[in-house]
Amino acid sequence: MTSVLTGTKPDSPTLHVTEGTGWSSRTWVLLVVLAGALFLDGLDISMVGVALPSIGEDLHMSPSALQWIVSGYVLGYGGLLLLGGRSADLLGRRSVFLFAVGAFGIASVVSAFLSNDLALISLRFVKGVAAAFTVPAGLSIITTTFAEGPARNRALSIYTVCGASGFSMGLVFGGLLTELGWRMTFLLPGPAALLLLFAGLKVVPRAERQASSLKHFDLVGAFTSTASLLILVYAVVEAPERGWTSVATLGLLAASIALAALFVAVELRHDHPLVRLGILRSARVVHANLAGAVMFGAYVSFQFVVTLYLQNALGWSPLAMALGFLPAGILVVASVVKMGSVLQRFDTRLVIAAGLTSFAIGYALFLRVSPGMAYANFLLPTMLLLGLGFALCFPSINSQATAGVADHEQGLASGLVNTSLQIGGAVMLAVISAVIGAGDTVAKPDALLPGMTTAIQVIVGLTVVGVLSTLAVVGFRRPAPELVPVAVDRELEDCVAC
């Protein structure tokens, strides 16, 4: 048999899958629920991104204000992912996952009826918080349900590629729905999330909960880390208007640094820290997190710039823009059947290096853009390369970030890598928003956006740094024993053997 079912509750037995093929129907439904939740998380970010120009026109929001529609979500997401992972470990992965999926669905429905920009941004933050509990709980359910090896590799490749597919296909859905009205992009994830909730009640396995109390939750750590990020993003976004050397900007940056330092101090002293800093002794875990931050930060920023350029400067409709991005989504979806075998055959560091290189070349090619260029010349090559980059990077980063980590810390490991993705997205988007906002923010028809070339150059530079650092790590075949936990050493040996 390829899966073993045990447990005392017939409606939700404990599921343990040990083989990579021959899965039961219950196993597939479980994977659909977990991957579906991640798909919705990615879908929400990119789908709303397509609608930004329409939202800005309807609610009279500037580009710097519009970026908070995205940043509000990713900051809530990234800022509380670690707490979400810890909660999944302590309160039970099933309970945390199902509650968060339900909250995400309800918040989606409510946000579709809001017109006040501050209320809309606030609810986007709430949705990000819900996702912060959904993702680590879902990923840790996978890593504790599917045994390490072929079964887990296959499940993770399907799961993570679904997340990347959601992000890519969200552009298409966003374009279609924005033609009906931008509010539809906020509404769609709601009913879908509630359907996943009802299915999850039947198939998500129960597991033993750890005995816990309030002292087990590092609430001070969660507050200081989230506040540090919020202040940092606010400081960077407002810097062009206030001045980079103004008292207000420097004060905000100092406050962000102070809160970050306080977070580290709290983690070192807390009996149950949000982040056990010892996990960062693994070079592979650190590399996966940094690579994720670079990948997602650069892409979110690129999409933000190109969306405004295509719709505001070139006059493309949301649907036309979505179709322009479609080739990337198709490549990501098509890769789902192959990535499991790729991760089994190749060192994840090599796969990440190849993916980031594809991203870097794609962004660099876009620097040739000028009004009047044909789609096949200025955008299609970039979209194909970005699709390839996502297909390679997304599953390999998640696999490397969680491989060799003990079951009781899978929530922490999965929360950490997703935190890195969202922090990279929030900080880089703030920087790019500041670059664009440094000059005239009014897009002129058939002209490049103000600061657009500089913004793309920054994105290319950051991605190239990611490629070079990954290549350096590839040559670091065996970390020093004293720096890497035993479990990670074994994973390294397995990877070299492959």
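## Ser 414 and its surroundings

In this predicted model, Ser 414 touches Pro 136, Leu 139, Ser 140 and Thr 402, leaving out residues up to four places away in sequence, where touching, or contact, means heavy atoms within 4.5 Å. Ser 414 is found in helix α16 (residues 410-437); helices (H or I, at least four residues) are DSSP runs, numbered from the N terminus. At 0% relative accessibility, Ser 414 counts as buried, a word used for under 20% relative accessible area, with exposed used for over 50% and partly exposed for values in between (1.4 Å probe, protein chains only). The C-alpha atoms of Ser 414 and Gly 84 are separated by 9.8 Å, although the two residues are 330 residues apart along the chain.

Because the model is predicted, local features need pLDDT of at least 70 and side-chain atom pairs count only at pLDDT 80 or more, while totals for chains, interfaces and linings use all residues. Residues are numbered from 1 along each chain as its sequence is written, and side-chain values use heavy atoms, with hydrogens and water left out.

Asn 289 lies in helix α10 and, at 7% relative accessibility, counts as buried. Leaving aside neighbours within four places in sequence, Asn 289 is in contact with Leu 416, Val 417 and Ser 420. With Ser 420 there is also a polar contact between the two side chains, at 2.8 Å; a polar contact is a pair of N or O atoms within 3.5 Å, where within protein one must be able to donate a hydrogen and the other to accept it, and residues adjacent in sequence count only if both atoms are side-chain atoms.

## Salt bridges

Across the whole structure, a search finds four salt bridges, each defined as a side-chain nitrogen of Lys or Arg within 4 Å of a carboxyl oxygen of Asp or Glu. In one of them the side chains of Asp 44 and Arg 124 meet, at 2.5 Å from N to O. Asp 44 lies in helix α1 (residues 25-59) and Arg 124 in helix α4 (residues 117-145), so this pair ties together parts that are 80 residues apart in sequence. Both Asp 44 and Arg 124 are buried.

Another salt bridge joins Arg 284 to Asp 347, whose closest N and O atoms are 3.8 Å apart. Since Arg 284 lies in helix α10 (residues 283-313) and Asp 347 in the loop between α12 (339-345) and α13 (348-366), the pair ties together parts that are 63 residues apart in sequence. Asp 347 also forms a salt bridge with Arg 349, with the closest N and O atoms 2.6 Å apart. Asp 347 counts as buried at 7% relative accessibility, and Arg 349 counts as buried at 1%. Elsewhere, salt bridges that share partners join Asp 44, Arg 124 and Lys 127 into one network.

Helix α4 has 29 residues and reaches 42 Å from its first C-alpha to its last, close to the 42 Å expected at 1.5 Å a residue, the expected span being 1.5 Å times one less than the number of residues. Of these 29 residues, 22 are buried, so α4 is largely enclosed by the rest of the structure. At the start of α4, a side-chain oxygen of Asn 116 reaches to within 3.0 Å of the backbone nitrogen of Leu 118.

His 60 is found in the loop between α1 and α2 (63-91), and at 72% relative accessibility His 60 counts as exposed. His 60 has a positive phi of about 60 degrees although it is not a glycine.

## Pocket and cavities

The largest pocket has a volume of about 580 Å³. On a 1 Å grid over the protein atoms alone, a pocket is an open set of points with protein on both sides within 12 Å along at least five of seven lines, a cavity is a set of points where a 1.4 Å probe fits but cannot get out, and lining residues have an atom within 4 Å of a point. Grid points are joined across faces, edges and corners, and a volume is the space filled by probe spheres set on the points. Of the 24 residues that line the largest pocket, the closest to its centre are Leu 82, Phe 263, Leu 416, Thr 419 and Ile 423. Helix α16 gives the most to this lining, with six residues.

The search of the whole structure also finds four cavities of 30 Å³ or more, and about 110 Å³ of space lies in the largest cavity. Its lining includes Leu 38, Asp 41, Tyr 77, Phe 296 and Asn 418, and the largest share, four residues, comes from α1.

How values were computed
Helix = DSSP H or I, 4+ residues; strand = E, 2+ residues; numbered from the N terminus.
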